[in-house]
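Subject: Structure handover

Hi,

Here is the structure I promised you. Please open it first, then read my notes below.

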Amino acid sequence: MIEWVQQADGIWQYIALFLISIMPLLDVFYIIPAGIVLEMAPVAVGITAFWEILLWF
């Protein structure tokens, strides 16, 4: 799944990360480190993960 995010460009990386984070077993504790390892902006990754949490409530 991470390869899918690596292949995306620009805003599509964050959208791909968001779509992966919606999966029940992959929560914020996995998505934020994965985004940072992929050299994405940490603040934008955090916001993306935050929106995923809001969808569950």
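Which residues make the nonpolar surface patch of about 600 Å²? The residues are Ile11, Trp12, Ile15, Leu19, Ile22 and Leu55. Patches take residues with over 30% relative accessible area and no salt bridge; like charges are joined within 9 Å, nonpolar side chains (Val, Leu, Ile, Met, Phe, Trp, Tyr) within 5 Å. A salt bridge is a side-chain nitrogen of Lys or Arg within 4 Å of a carboxyl oxygen of Asp or Glu. Areas come from the Shrake-Rupley method with a 1.4 Å probe, and for residues only the protein chains shown count as cover.

A word on the source. This is a predicted model: local features need pLDDT of at least 70, side-chain atom pairs count only at pLDDT 80 or more, and totals for chains, interfaces and linings use all residues. Residues are numbered from 1 along each chain as its sequence is written, and side-chain values use heavy atoms, without hydrogens and water.

Now the overall picture. The protein has 4 helices and 0 strands (DSSP runs numbered from the N terminus: helices are H or I, at least four residues; strands are E, at least two). From the N terminus, the order is α-α-α-α. Of its 57 residues, 33% are buried (buried is under 20% relative accessible area, exposed over 50%, partly exposed in between; 1.4 Å probe, protein chains only). The protein exposes about 4000 Å², and carbon and sulfur atoms supply 74% of that.

Next, helix 2. Helix 2 gives the most to the patch, with 4 residues. Its buried residues are Gln13, Tyr14, Ala16, Leu17, Ile20 and Ser21. They sit on the same side of helix 2, because they cover an arc of only 160° around the axis (the arc is that of the directions from the helix axis to the C-beta atoms). The face turned away from that buried side carries the exposed Ile11 and Trp12. Ile15 is also in helix 2. Ile15 counts as partly exposed, because its relative accessibility is 33%.

Is Gln13 buried or exposed? Gln13 is buried, at 16%. Leaving out residues up to four places away in sequence, Gln13 touches Val5, Gln6, Ala8 and Met40 (contact means heavy atoms within 4.5 Å). Gln13 and Met40 are 27 residues apart along the chain, yet their C-alpha atoms are separated by 8.3 Å.

Last, Thr48. Thr48 lies in helix 4, residues 42-56. Thr48 counts as buried, because its relative accessibility is 10%. With residues up to four places away in sequence left out, Thr48 touches Tyr14 and Phe18.

Best wishes
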